[in-house]
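Subject: Handing over a structure, with notes

Dear colleague,

Please find below the structure I am passing on to you, followed by an account of what turned up in it. I would be glad if you kept the model open beside the text while reading.

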Amino acid sequence: MKKENVQEKVLHPASGYLMLLFGLVILIAGIGGIIAGSVVGAMNENGVLIGVGVCVGTILIIAGILFLCGLKVLNPNEAYVLTLFGNYYGTIKQEGFFWTNPFCSAINPTVKALPVVTGKVEGSVGSISVGAGKKVSMRMMTLDNKKQKVNDLMGNPVEIGAVVIWRVVDPTKAVINVENYKNYLSIQCDAIIRNTARQYPYDTNESGDEKSLRGSSQEIADIMCQELQKKTEDAGIKIEEVRITHLAYAPEIASAMLQRQQAAAIIDARQKIVEGAVGMVEMALTKLNENEIVELDEERKAAMVSNLLVVLCGNKEAQPIVNSGTLY
């Protein structure tokens, strides 16, 4: 049976300045109690009074220290997700200096415990969690998904990389619903990029009527953004934008694909040259007939067309040949 996700409960804690003053008063009262009990007991030579003063003062000092442990500072676009004895207590989003239940503990699985030396033996270390480091950042963050090799729709290996702009909008879901929301986002991003790249070719075919990774990169990135948002909804993450930063054929086929692109470019260029040359030859013959400059029979027209096409379509500069005779 699937467990329901925890719903966020926003807390509005008390002002930290008043509670700081109250905690200091308790500490001062505890210290004063110990001193007063000791002095009065010594003057009256009453050991019971000294013991009572020390006990009451010690309790007040401990209470004051525990009370001051509830003071917290929160910066803008940060949040605390608090638990009380293993149960979800609430989330604090408002910035400032405030006081909460000192027995509440903040949780954030993405923050690693700081290593500390636990003994004199070299290499013996332990770890300790710092409460100030348990804040959940709600600022804009960037995930740089390094380039990875995938196969496109045609089976060609390509390298693709993307950058994801994201932020946490629900700290409770981000901390409680998933183990580590940063790793979760990274893994989901890898999967989405791979699955999306497999559905499209690297480049369009001759008709050019379909989407491709190279020709429709922005549309493909928008599709990745929508798919990634669906996967991270339960983690309290909002995907602002996905951008494709790297796209290329894999090295093993890059040279072959480059030759293919060069051949296609040459064919396209030749096609344009031939179309233009035919138009120029047709225009030349039309002008000669209209202005009655010279009358050409079919054989002379064929020779003229052949010469013009050689001149216009040749790769090298034409070398003229002066003919002093006739064709017959």
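In which loop is the place of Asn77? Asn77 sits in the loop between strand S2 (71-74) and S3, and although this residue is not a glycine, Asn77 has a positive phi of about 60 degrees. With a relative accessibility of 46%, Asn77 counts as partly exposed. A second residue of this kind is Phe85, which is not a glycine and yet has a positive phi of about 55 degrees; Phe85 is placed in the loop between S3 and strand S4 (87-92), and its relative accessible area of 68% makes Phe85 exposed.

Before going further, please bear in mind that this is a predicted model. The protein chain averages a pLDDT of 78, and 73% of the residues score at least 70. Within the chain, confidence is highest in strand S3 (residues 78-84), at a mean of 91, and lowest in strand S8 (residues 125-128), at 42. Over residues 116-131 the pLDDT is below 50, although this stretch has 21 contacts in the model beyond near neighbours in sequence. Where pLDDT is low, the predicted coordinates should not be read in detail.

Turning to charged residues, the structure holds eight salt bridges. Side chains of opposite charge can pair when their charged atoms come close. One of the salt bridges joins Glu8 to Lys93, with the closest N and O atoms 3.0 Å apart. This pair links distant parts of the chain, since Glu8 belongs to the segment before strand S1 (14-15) and Lys93 to the loop between S4 and strand S5 (96-99), 85 residues apart. Glu8 counts as partly exposed at 25% relative accessibility, and Lys93 is partly exposed with a relative accessible area of 25%.

Another salt bridge is formed by Lys211 and Glu219, whose closest N and O atoms are 3.5 Å apart. Lys211 is partly exposed, its relative accessible area being 36%, and Glu219 likewise counts as partly exposed, at 41% relative accessibility. There is also a network of salt bridges, in which Glu78, Lys135 and Arg139 are linked.

Is Glu159 buried or exposed? Its relative accessibility is 15%, and because buried means under 20%, Glu159 counts as buried. Glu159 forms a salt bridge with Lys147, the closest N and O atoms being 4.0 Å apart. Because Glu159 lies in strand S11 and Lys147 in strand S10 (residues 141-151), the pair ties together parts that are 12 residues apart in sequence. Whereas Glu159 is buried, Lys147 counts as exposed, at 53% relative accessibility.

The side chain of Glu159 also makes a polar contact, at 3.5 Å, with the side chain of His246. Leaving aside neighbours within four places in sequence, the residues in contact with Glu159 include Gln148 and Lys149 as well as Leu247, Ala248, Tyr249, Ala250 and Pro251.

Two of those names, Gln148 and Lys149, come up again with Arg194, a residue of helix H4 (residues 181-197). Apart from neighbours within four places in sequence, Arg194 is in contact with Gln148, Lys149 and Val150. Its side chain reaches the backbone oxygen of Lys149 at 3.2 Å. The C-alpha atoms of Arg194 and Asn151 are separated by 8.2 Å, while the two residues are 43 residues apart along the chain. Arg194 itself is partly exposed, with a relative accessible area of 30%.

Finally, there is the surface to consider. Which residues make the nonpolar surface patch of about 540 Å²? The patch is made by Ile31, Ile35, Val39, Val40, Met43 and Leu49. Helix H1 (residues 16-44) gives the largest share of this patch, namely five residues, and Ile35 is placed in that helix.

With best wishes

Note on methods: Residues numbered from 1 in each chain as written. Predicted model: local features only at pLDDT ≥ 70, side-chain atom pairs only at ≥ 80, totals over all residues. Heavy atoms only, no water. Patch = residues over 30% accessible without salt bridge, like charges linked within 9 Å, V, L, I, M, F, W, Y side chains within 5 Å. Areas by Shrake-Rupley, 256 points an atom, 1.4 Å probe, with all protein chains shown as cover. Salt bridge = Lys/Arg side-chain N within 4 Å of Asp/Glu carboxyl O. Helix = DSSP H or I, 4+ residues; strand = E, 2+ residues; numbered from the N terminus. pLDDT = per-residue confidence, 0-100. Contact = heavy atoms within 4.5 Å. Buried < 20%, exposed > 50% of the residue type's maximum accessible area, 1.4 Å probe, protein only. Polar contact = N/O pair within 3.5 Å; in protein donor to acceptor, adjacent residues only side chain to side chain.
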